[in-house]
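Subject: Structure handover

Hello,

Here is the structure for you to work with. Please open it first, then read the notes below.

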Amino acid sequence: MDKILLIGVTGGTGTNVVKGFLEQGMTNLRAITRKIDLERPSLAKMNEAGVELVEANLDDEASLEVAFAGISAVYCHATSADSAQPDPQEVERAKRVARVAKKNNIRHFVYNSAGGADRNSGISHIEQKYKVEQVLKEAGLPTTMLRACLFMEEFWKKYTRPSILKGVFPFSIQPDKPMHLITTKDMGRVAAYVMKNPSKYIGQDIELAGDVLTPKQMTEAFSKAQGIPVTYRETPSWIFLLLLRKELFDLIQWYRTKGYQADVQHLREEFPGLLTTFSEFLAESHWANKELTYESL
C-alpha cells in the first residue's frame with residue numbers, strides 16, 4: 001500500500017487516532033497540518049513516531065494536490081474543529097477534499113462521521129456530518145463511514161472530570177439509559193483494520209462503539225477506578241438553555257430520547273481486540289491521577 005493520508009488529526013482527539021493507526025503497524029502515514037511547527041507537542045510526537053508531516057490547508061486546493069501525491073488511501077477525522085455548533089466551512093472543505101481525492105484516484109476513503117447520521121437526528125452537527133458523507137459518496141469515492149458514538153475522552157474535560165474525582169458524576173442522562181461509547185484511539189485501530197481489508201468494508205457505513213453502559217454503570221466504573229465511592233447526579237438539561245447552549249441542550253435531549261444504536265456485541269466480533277471497554281479506558285488513561293488533564297491524553 002502507498003502512503004495513507006491523515007486529515008484533521010493534529011488536534012486533541014485526532015492525535016489519539018494516529019496512535020491507533022501506529023498500534024496496528026501502519027507506518028506509511030502522512031498527516032497534513034497548516035504549519036509544521038515541531039514546538040507543538042502533537043506534531044512533535046507524530047514526527048518522532050515516523051509520521052510524515054506535510055503543510056496543506058483545507059481551504060487551499062493547490063496545497064491539497066501536493067499533499068495527495070503518492071497517496072492510495074485517506075482517513076479524514078474532520079474538516080473543521082469539533083464544536084456543538086457546526087462550522088459552515090465543514091461541507092465546503094469536504095467538497096474540496098473530495099475533488100482532489102477523486103482526481104488522484106484514491107482507492108479507499110475512510111471518514112469519521114457521527115452515530116445517528118442516517119436517522120434524521122435533527123442535531124445540527126450530526127446532520128452536517130451526514131452532508132459530508134453524501135459529498136464523498138456523490139464524488140464517486142470508495143468510502144467507509146465510521147460513525148462514531150460518544151468519545152470516552154469527553155469525560156476527561158474540565159466541565160466533568162473534577163467533579164467525578166471528588167465523588168459526584170453530574171450528567172443530564174437518565175441513570176438507566178444506555179450510552180454507547182468509543183475511544184478515539186479505537187477509531188484509528190478500526191480505520192487501519194478496514195483499510196487492510198478494503199474489499200470487505202468499502203461501501204459500508206458502521207456505527208461504532210466499544211462499550212455500552214448506563215450512567216449508573218459508568219458511576220460504578222468511576223468508583224472502582226478511583227477507589228472511592230462516586231454517586232450519580234442527574235442534572236436537568238434545561239440548565240443548558242439558561243446558559244444559552246441550545247445546541248448542547250438539543251444534543252442531550254436526543255441522547256435522552258433516541259441516542260446511538262451501535263451493536264456493540266457484533267462489533268466486538270467483527271473487530272476482535274480492537275475495541276476498548278470503559279473500564280479499560282479508565283485504567284489505560286490513568287483516570288485517577290489528579291495531576292493529569294485532558295491535554296495529557
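A disulfide here is a pair of cysteine sulfur atoms within 2.5 Å. The model is predicted. A search of the whole structure finds zero disulfides. Cys 76 is in none, and the nearest cysteine sulfur, that of Cys 149, is 18 Å away.

Next, the cores. The largest nonpolar core has 70 residues. Phe 21, Tyr 75, Phe 155, Phe 222 and Phe 278 have the most contacts inside it. Helix α7, residues 184–196, gives the largest share of this core, with six residues. There is also a second, separate core of 26 residues. Among its members are Leu 5, Phe 68, Val 91 and Val 100.

Look at Tyr 75 in particular. Leaving out residues up to four places away in sequence, Tyr 75 touches Leu 5, Leu 6, Ile 7, Val 9, Val 17, Phe 21, Val 110, Asn 112, Met 187, Ala 191 and Met 195.

What covers them? Just after α1, Gly 25 takes a positive phi of about 80°.

Another glycine to check is Gly 50. Gly 50 sits in the loop between α2 (41–48) and β3 (52–55). Its relative accessible area is 44%, so Gly 50 counts as partly exposed. Gly 50 and Thr 10 are 40 residues apart along the chain, and their C-alpha atoms are separated by 15 Å.

Last, the cavities. How many reach 30 Å³ or more? The count comes to one. The largest cavity has a volume of about 30 Å³. Its lining consists of Lys 177, Pro 178, Met 179, His 180, Tyr 255, Gly 259 and Tyr 260. By type, the lining divides into four nonpolar, two polar and one charged residue.

Best wishes

Methods:
Residues numbered from 1 in each chain as written. Predicted model: local features only at pLDDT ≥ 70, side-chain atom pairs only at ≥ 80, totals over all residues. Heavy atoms only, no water. Core = buried A, V, L, I, M, F, W, Y, C linked by side-chain atoms within 4.5 Å. Buried < 20%, exposed > 50% of the residue type's maximum accessible area, 1.4 Å probe, protein only. Helix = DSSP H or I, 4+ residues; strand = E, 2+ residues; numbered from the N terminus. Contact = heavy atoms within 4.5 Å. 1 Å grid on protein atoms, 1.4 Å probe; cavity = no way out; pocket = protein on both sides within 12 Å on 5 of 7 lines; lining within 4 Å. Points joined across faces, edges and corners; volume = space filled by probe spheres on them. Nonpolar A, V, L, I, M, F, W, Y, C, P; charged D, E, K, R; others polar.
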